Amino acid sequence: MEFSKRLKDLRLENGLTQTEISRILGIRQNTYSYWENGISQPRIEMLKKISDYYRVSMDYLTGRL
């Protein structure tokens, strides 16, 4: 499963909108949308923040597991 799909699945499983998770992460909503749509990917520091928030490994988040 690719990163963008996992990111969206985690957000939906947690009942969050893109706006809500963007606020939690401290980023713009369109930046988050780009990640979910596979247009761009976050930097490593943000990957850590996302994995910490959802309590998943970075390997899971990036599709290595």
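Analyst: Let us begin with a charge and a ring: R6 lies over the face of Y60, at 4.1 Å from the ring centre, where "over" requires NZ of Lys or CZ of Arg within 6 Å of the ring centre and within 35 degrees of the ring normal. This is a predicted model, in which local features need pLDDT of at least 70 and side-chain atom pairs count only at pLDDT 80 or more, while totals for chains, interfaces and linings use all residues. Residues are numbered from 1 along each chain as its sequence is written, and side-chain values use heavy atoms, leaving out hydrogens and water.

User: Okay, and S22, is that buried or exposed?

Analyst: S22 is buried, because its relative accessible area is 2% (buried means under 20%, exposed over 50%, and partly exposed in between, with a 1.4 Å probe and protein chains only). S22 is found in helix α2, residues 18-25, helices being DSSP runs of H or I with at least four residues, numbered from the N terminus.

User: What does S22 touch, beyond its neighbours within four places in sequence?

Analyst: Apart from those neighbours, S22 is in contact with I27, R28, Q29 and Y32, where contact means heavy atoms within 4.5 Å.

User: Switching to helices, which residues of α2 meet α4?

Analyst: I21, I24 and L25 in α2 meet M46, K49, I50, Y53 and Y54 in α4.

User: And how exposed are Y53 and Y54?

Analyst: Y53 counts as partly exposed, because its relative accessibility is 36%, whereas Y54 is buried, with a relative accessible area of 9%.

Technical notes:
Helix = DSSP H or I, 4+ residues; strand = E, 2+ residues; numbered from the N terminus.
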